[in-house]
Every structure is written in structure tokens, then in C-alpha cells.
Amino acid sequence: IRQEIARNDQVISAFDSITYLKGAQTVSMFESFVGGENFRKGVQLHLNRYAYRNATAEDFFASVAEASGNPDVVPALRSFTDQTGVPLVTVHDGTNGITLSQSRYVPLGVATDRMMRRWQIPVCLSRGEAKACTLLKEASTTLPPLIGTSAALVPNAGGAGYYRFSLDDSGWDRLITAARTLPEREALVVADSIWAEFAAGRTDFARVVKAAEALSGHASRLPALELAGKLAELSGTALSDAELPGYRALMQRLYGNRAEMQGFDPAQPVPDARTQGWRESLVPLLALQARDPALRTRLKDAAGRYLAGDAAALAPVYRRTALAVAVQDGGIPVADTLFAALKASQDPLFRAQAASALGSVESADAIAHVQKLAMGEGLISRERTTILASLSFNRSARDATTGYVANNFKMVVESFPGFSRASIIGFFNGYCSRNAIDRVEGLIRPNLAILGGGELELAQTKERIGQCAALKAAKGGEISAALLPR
């Protein structure tokens with residue numbers, strides 16, 4: 001979380017998901033550890049003590065420890081802010097007690113350093129109404145058994161802990177069976193940890209599908225869709241063309257019959273916030289991932305009426321998806337119509353949605369055509385970035401787009417705002433083969449000066465590609481067995 005900044009060009013690299021997501025979850029975990037009221041007192045003490053003055057992270061740790069009366073807070077917080085990596089808590093649920101062991105979580109394809117990591121992890125477990133918590137400081141410890149109920153053991157009770165957990169087969173089976181009824185945050189950490197198990201090679205794809213089936217029926221949107229997002233990412237990177245129909249059928253089976261989609265009208269959001277939230281997630285999932293034909297027809301018709309001048313035909317919240325479907329099915333003629341509408345519009349939201357949708361084209365001639373449009377007149381630099389990034393995220397257009405960038409590197413880079421030039425490196429994130437690592441290294445490394453930095457982004461992109469390639473090599477057979485016709 002705390003990254004040393006030695007040069008100006010490292011500043012932008014500090015504003016990433018680790019800073020914000022790990023930072024937020026670490027705060028949440030220690031708020032739960034000391035208790036909400038004690039944590040609030042610590043924050044108040046800190047703000048009053050250092051009002052109109054500078055303060056460090058160490059000062060904040062000390063304030064929380066003092067207000068909560070818990071000196072363990074300081075070394076425990078340090079163990080999360082000053083170390084890289086995510087803890088893995090391996091749980092053995094035995095008749096004589098529950099054994100917890102900690103290690104660093106490492107997915108397939110990641111080469112770890114030799115540095116020994118030890119966290120001080122606030123771990124809470126629950127089984128039904130029974131709950132036990134401990135600060136896991138050592139490599140392992142054993143807690144008394146949680147008895148009195150046959151419910152599944154939840155290794156991250158409340159979902160507050162910043163750690164992943166590992167269970168044996170029977171533990172996972174019981175937890176997956178219960179997943180649909182778990183509270184929202186607990187269901188979310190179940191989804192996260194089951195995918196982490198798969199990405200580390202410790203469980204098979206069939207169990208991931210089983211978990212997705214269980215969670216897809218959850219009443220809360222975020223846990224119900226967490227594994228859908230992971231599978232969508234897999235479809236854009238590691239799946240073969242032959243596996244796509246099976247993937248789309250799976251998405252349709254899991255989410256096509258959600259009650260929230262009944263009566264859907266692309267022209268009109270509904271006043272019920274819960275239903276509307278579901279629709280804003282389900283519409284792109286079903287239209288672009290499941291390729292639901294009836295929904296795509298409805299969205300495409302609405303997009304056509306909208307581009308013909310009927311502004312009421314398509315609500316803004318569905319515009320990006322509807323325009324993407326229209327471009328996928330309509331190719332160059334629809335892309336030209338949409339590009340003309342983009343240039344003529346003064347609505348920044350529509351312009352951003354149109355730029356993103358243009359990158360959804362799938363035929364070779366349409367892809368080449370949209371690349372030229374992206375570098376044409378009438379766009380601001382952010383819109384060029386959006387079109388090219390959307391093309392690079394599109395599995396049908398990725399090769400052609402990264403090739404276009406490589407062949408026109410200086411022109412493309414100069415069309416980007418200076419602060420975001422390193423984002424070009426992310427165009428390669430969707431690759432899933434070892435040779436792609438050499439390709440991105442060969443293109444980007446000599447041009448880091450032109451980009452104004454990007455060492456961290458390059459390392460992260462190469463690691464993502466390596467992880468995907470390793471996962472595909474280890475689990476490709478399991479994925480095929482689940483998605484190919486038998």
C-alpha cells in the first residue's frame with residue numbers, strides 16, 4: 001500500500017487497485033478487529049491530534065492503537081501496509097479443533113521472491129451462530145472446534161478480512177452449497193477464494209462452475225455476479241473459439257431467467273433501485289457475454305431508432321451496450337453512423353459511450369476501418385484512447401489493434417494525453433501466451449522514455465499474461481471438458 005516514490009514518473013503508478021482496494025479492505029479489516037466504536041475514536045483522536053499538521057501512517061496506527069487500547073494494532077497494520085502480497089489462510093476443520101496456517105497466496109505463473117512473509121492476520125470464522133476470532137501471528141495455530149450446528153464453516157466471517165482462504169474438498173462442497181444463503185460480504189469472499197483456488201491450481205474448473213451456479217441465485221447482485229466477471233475475463237483471454245458457445249450457454253443458463261429482467265424495456269429505467277441495479281449489470285452480461293438473441297434484437301432495434309433521431313428510444317444507462325450490439329451486427333455502416341453521431345454530439349456521456357461501443361466491431365474490415373476512424377478528425381484525445389483500448393479488449397480485434405499500435409507507435413502515443421501514455425501498455429493485457437510476453441517487452445521497453453514511465457505497468461502486464469498462460473496450460477483440459485459439446 002505504501003510505495004516509495006523516488007521520481008516524478010512513478011507517481012501515476014501509485015494510483016492503482018492496490019492503493020485503493022487493498023487500502024480500503026485493510027482499513028475495513030482493522031475496523032472490524034478493534035470494533036467500530038473504537039476505530040471511530042481512533043480516527044477522531046488522530047484528526048484532533050494532528051489538526052493543521054502533517055502526519056504519517058505510523059501516527060495513524062498509533063492513534064487507533066491508543067484509542068482502542070490494543071497495541072497489537074500497530075505491528076499488525078504494518079504487516080499489511082509494508083509487505084507485498086496477499087495472505088492465504090489454509091483451514092483444516094477437524095473434530096478436535098480448527099487449524100489455521102498462513103502463507104503467501106501465489107497463483108499459477110507467478111515467480112515469487114525468496115523473502116519470507118509473515119502477517120498478523122485478524123481471522124474470524126463462523127458456523128451458524130457460533131463465531132471465533134484470533135490474531136494469527138505465527139505460521140499456524142489451532143482453535144477449539146465450533147460446535148452446536150452442522151452449518152458450513154465460513155473462514156472469513158463477515159467478509160472483513162483481507163486474506164484468501166483454502167479448504168479441503170468437503171469443506172468447499174459444504175460452503176458452496178450454503179453460498180446462496182450467506183450474507184452478501186461472506187458470499188463475496190467465497191467467490192473470491194474459490195476463484196483464487198482455481199487460479200492457483202488447487203481446485204478444478206468444475207468446482208468453479210458449481211460455485212457460479214450456487215451464487216447466481218443469490219439475492220444480492222455483487223456476489224451473484226462476482227464469478228460471472230471472472231468467467232467473462234477468461235472468455236476474452238484464455239478460451240478458444242470452439243469453447244465460446246459453451247461459455248455463452250453457461251452464462252445464459254445462470255442468468256437468463258433472473259426475475260429482475262422480466263418486463264425489460266431499453267427505453268425506460270425502473271424506479272426500483274434494486275431492480276435497476278440488477279438490470280444495469282445483467283443487460284451487458286446477457287447481451288455481450290451470453291449473446292441472448294432476443295435481448296440483442298431488442299437492443300439493436302432501440303439503438304437504430306436512437307441513431308435515427310428518436311432520443312427516447314434508448315435510456316442512457318443501456319446506450320453503451322445497445323450501441324455495441326448494433327456495431328457488432330451492423331459492421332462498417334453502423335460504425336460510420338455512430339462515428340458521425342459522436343462527432344456531432346455535445347453530450348460527453350454519449351460521446352464516451354459511442355467511443356467505447358465502436359471498439360466492439362468484430363469483422364476484419366470493420367476493425368481496420370474503426371482504427372482509421374480513431375485517428376481521424378473530430379475526436380478529443382480521450383476518445384481516441386477509448387476506441388483503441390476497447391478494440392484491444394475485444395478478442396476479435398486484439399491482434400489487429402496491437403499490431404496497428406506497434407506499426408504506428410509514435411503517432412498513437414502522441415495522440416494520447418501525456419499523463420496516460422503508459423496506459424498503452426494495458427492494450428496487451430488480454431494475451432494468454434508466453435510469446436506475447438516477449439512481444440510486449442520488445443515493443444515497450446525501448447519506448448519507456450517516450451511514454452514518460454511505465455516500468456510498473458509493463459511488469460504488471462507481463463505478469464498478467466504469464467498468469468493466464470500458466471492457467472491455460474494447467475487447466476485448459478478441465479475448461480474444455482466443461483464447455484465443449486460431449
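Guide: A polar contact is a pair of N or O atoms within 3.5 Å; within protein, one must be able to donate a hydrogen and the other to accept it, and residues adjacent in sequence count only if both atoms are side-chain atoms. The structure above is a predicted model, where local features need pLDDT of at least 70 and side-chain atom pairs count only at pLDDT 80 or more, while totals for chains, interfaces and linings use all residues. Residues are numbered from 1 along each chain as its sequence is written, and side-chain values use heavy atoms, with hydrogens and water left out.

Visitor: How many Å lie between the backbone oxygen of glycine 376 and a polar atom of the side chain of arginine 384?

Guide: Let's start with the setting: arginine 384 sits in helix α15 (residues 381-393), where helices (H or I, at least four residues) and strands (E, at least two) are DSSP runs, numbered from the N terminus. Leaving aside residues up to four places away in sequence, arginine 384 touches Ala374, Met375, Gly376, Leu379 and Ser415, with contact meaning heavy atoms within 4.5 Å. From the backbone oxygen of glycine 376 to a polar atom of the arginine 384 side chain, the distance is 2.6 Å.

Visitor: Is arginine 384 buried or exposed?

Guide: Buried means under 20% relative accessible area, exposed over 50%, and partly exposed in between (1.4 Å probe, protein chains only). Arginine 384 has 13% relative accessibility, so it counts as buried.

Visitor: What separates the C-alpha atoms of arginine 384 and alanine 355?

Guide: Alanine 355 is one of the buried residues of α13, and the buried residues of that helix pack against elements including α15. Along the chain, arginine 384 and alanine 355 are 29 residues apart, and their C-alpha atoms are separated by 7.6 Å.

Visitor: Which residue caps the N-terminal end of α13?

Guide: Look at the backbone nitrogen of leucine 349, which has a side-chain oxygen 3.0 Å away. That oxygen belongs to the capping residue, aspartate 347.

Visitor: How many disulfides are there?

Guide: A disulfide is a covalent bond between the sulfur atoms of two cysteines. The rule used here asks for a pair of cysteine sulfur atoms within 2.5 Å. Cysteine 124 joins cysteine 133 at 2.0 Å from S to S, and cysteine 432 joins cysteine 468 at 2.1 Å. The count comes to two.

Visitor: What is the angle about the S-S bond of cysteine 432 and cysteine 468?

Guide: Cysteine 432 is buried at 10% relative accessibility, and cysteine 468 is buried too, at 12%. This link is left-handed, with an angle about the S-S bond of -95 degrees.

Visitor: What is the volume of the largest cavity?

Guide: On a 1 Å grid over the protein atoms alone, a cavity is a set of points where a 1.4 Å probe fits but cannot get out, and a pocket is an open set with protein on both sides within 12 Å along at least five of seven lines; lining residues have an atom within 4 Å of a point. Grid points are joined across faces, edges and corners, and a volume is the space filled by probe spheres set on the points. A search of the whole structure finds one cavity of 30 Å³ or more. The largest cavity, lined by Val91, Asp93, Leu153, Leu167, Asp168, Gly171 and Arg174, has a volume of about 50 Å³.

Visitor: Where is tyrosine 52 placed?

Guide: Tyrosine 52 has a positive phi of about 65 degrees although it is not a glycine. With a relative accessible area of 88%, tyrosine 52 is exposed. Its place is in the loop between α2 (36-49) and α3 (57-68).
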